[in-house]
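Hi,

Here is the structure I promised to pass on. Have a look first, and then read my notes below.

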Amino acid sequence: MAENVLRLEDVTMQFGGVVAVNGFSMEVNKNEIVALIGPNGAGKTTAFNCITSVYEPTNGRILLNNEVIAENHPQGKMKDLYKGENKGKYTKVVKFTPDRITRRGIARTFQNIRLFKALTVFDNVMIAKHMRAKQNIFTATFRLNAKEEKRMQEETMVLLKEQNLDLYKDHIASSLPYGLQRRLEIARALATEPSLLLLDEPAAGMNPQETQELADFIKQIREQYRITILLIEHHMDLVMQISERVYVLDFGKLISSGTPDEVQNDQKVIDAYLGVVEDAED
Amino acid sequence: MNKNNSSKITAAVLLILLFGLVIFLEQVIRPTDEWAMLLSCLRMGSVYALVAVSMNLLNGFTGLFSLGQAGFMLIGAYTYAIFSIPLDLKDSVYTFYDYSVKISFPEVLGNVFGGFGMITGVLVSIILAGIITAMAAFLIGLPVLRLRSDYLAIATLGFAEIIRAVFLWGRLGPVTNGSNPLRRFTRTSDFTMDVGNTTLTLGTTTIMIIAAACIFVIILLVNSSYGRVFKAIREDEIAAEAMGINLYKHKQLSFCISSFFTGVGGALLAIFMGTVMASNFMAAMTYEFLLIIVLGGIGSISGSVVGAMLFVFASQWWLRWLDSGIITLFGTRYILPNTIFRSGFRLVVFSVIIMCVVLFFRRGLMGDKELPYYWNKLKSRIMARKPKAGESNG
Ligand SMILES: Nc1ncnc2c1ncn2[C@@H]1O[C@H](COP(=O)(O)OP(=O)(O)O)[C@@H](O)[C@H]1O
Ligand SMILES: [Mg+2]
């Protein structure tokens, strides 16, 4: 049986009266590429934010490598306000912070790129290496960590070379063209040495050729780093080409899941989503 | 690499020359000379530079806005003073109280190891001042640094006001001397060294060296992995957290280190002022440092140093004549009409100058760049000019 890396169980995220994600369950297995699709506002980014502990789900449970990393049930004011499903199914509360999630091996990129804008390309990646370094503030200040610092620099250069960013190493991150900024964000995420990589609309704003390159690149990093990838994407051709399984969200609810072919031919998906995209693209 | 090393050597040589010059000036300038103002401004300027750089570490590099500088300096100054008054002089200082701190580090170590021991004792007191200040910061940070950044400004400003009242409180008199000043601790004029049959005065040099050493440590920190993380937090907290950075831990580190050096700055202030009184550490002092880092450039360490020196020299010395109406140019004394040249006019002119600087240098004198950057720019501009001259000849 396939090994579960990530499992969401009945995850609900309610903001005030808005239920952004509703009773959403999904599984991601080791070394898979899984896509999460759905129209705008369907709750995909919110699901990512729950997985990475940016938000605390209102109800439900999330497991990473069979360890609970988030669990909650409606409390306080939410008890009366709660409009989601599976009320009363969960009783425990488990909370993490985003940095601890990253430490446990989930790295992510953001839908609206979040680089350290005023810093160099090189420093952007170096910062991601800080978490796994053994130095402390004393050894780092007085340069007693020279060996480790050198190793971090070398690994950073390797990552930048792989992304063809080595020529830009001293450039300020915000001065890079859009496509390169996306690549830098992926390089930075990989620098945290993740086992699961979450990509939020990595092809947004890319032309067909760039999108194709990205598809090859995602497959390549999966092999090279032996990681699992969960991506949110709007480009259907990209999703169909690289993902092994697809989950479809609409208004916060899972409406379909399966292989790309199965999903593509599901009438509910066509109604809710594919029709919209094709309209938009025509 | 080579280029990097050679510029480091140049910087080191320049610094040694600078300190040599200060030592020389300190021997030839008598306290009654008009030029004694130069030494006094150098002392105050270095202390202000240190505190401004510490403030910049927090505001400019970590993006945390703290307004507690006066309060932290107060703690540093008092800690230094309390632990540096010789025991036999304590009764004459604590006239209304039975003093409770029965140790003086400069005295104890000075009795055993002589002049060298005295200096070591001073350093012990200074480091203690830094540590106690950092501990105070840690306690403030404990609740506040978990919240949004804006709360830090309010909390530290409030803390600075409260701490002043606490130090003036009669109940703490045996430690703080209540509302009476602390005096007679080791101060600038005590830093002398006998060489043969002459006595070298080294007060200004000592203060400058300690301040410079602290600034050097901050520069090392800012350029280390931790410095990069501080900048990452300034740039984008959410992204920093997604990179596995524990926001609270690193903010607390930056806050405590900044406060440590602010406390050291307070101790140095005590050394050159000679007396310490809680009521002098007003919020206005904090705004002076804020002004300095904005003037010098937020995120530029050399900017803070230059800003502090300009601020101190202008406000304490160069603009003095605006208040007194007396100006000496090439040995001739001019008396200006006292209708406008009277007490307070200096501040008016000073404010106008600062407004002009802010108008013309939106991001401060140096932006977020350091001196070597401008030096290299100047060099390359000169280099670029030479071949052009050749062209026009040919
Ligand atoms: N922090 C928030 N506060 C309130 N509502 C939110 C918040 N984040 C997301 N939402 C709402 O949740 C819904 C889903 O948003 P999102 O997850 O960004 O959609 P998607 O990424 O699928 O386009 C939207 O209606 C959005 O307005
Ligand atoms: Mg989204």
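Which side chain has an N or O atom 3.0 Å from a nitrogen atom of ligand 1? That side chain belongs to Tyr55(A). I call this a polar contact, meaning a pair of N or O atoms within 3.5 Å; within protein, one must be able to donate a hydrogen and the other to accept it, and residues adjacent in sequence count only if both atoms are side-chain atoms.

Before going further, some conventions: this is a predicted model, where local features need pLDDT of at least 70 and side-chain atom pairs count only at pLDDT 80 or more, while totals for chains, interfaces and linings use all residues. Residues are numbered from 1 along each chain as its sequence is written, chains are lettered from A and ligands numbered from 1 in the order in which they are written, and side-chain values use heavy atoms, with hydrogens and water left out.

Back to ligand 1. One of its oxygen atoms lies 2.5 Å from a side-chain N or O atom of Thr46(A), and an oxygen atom of the ligand is 2.8 Å from a backbone N or O atom of Gly41(A). On its own, ligand 1 exposes 560 Å², and the protein buries 62% of that (Shrake-Rupley method, 1.4 Å probe; for residues, only the protein chains shown count as cover). The residues around the ligand (a heavy atom within 4 Å) include Phe15(A), Asn40(A), Lys44(A) and Thr45(A). Helix H1(A) gives the most to this shell, with three residues; helices (H or I, at least four residues) and strands (E, at least two) are DSSP runs, numbered from the N terminus.

Thr45(A) also turns up at the magnesium ion, ligand 2: its OG1 and the OE1 of Gln111(A) are the protein donors, 2.0 to 2.1 Å away. Donors here are N, O and S atoms within 2.8 Å of the metal (3.2 Å for Na, K and Ca), and water is not among the atoms, so sites may look incomplete. The two residues are 66 apart in the chain, Thr45(A) in helix H1 (residues 44–51) and Gln111(A) in the loop between strand E6 (106–108) and helix H4 (121–130).

Thr45(A) is partly exposed at 25% relative accessibility, and Gln111(A) is partly exposed at 32% (buried is under 20%, exposed over 50%, partly exposed in between; 1.4 Å probe, protein chains only).

In chain B, Asn177(B) is buried at 0%, and a polar atom of its side chain lies 3.1 Å from the backbone oxygen of Pro181(B).

Happy browsing!
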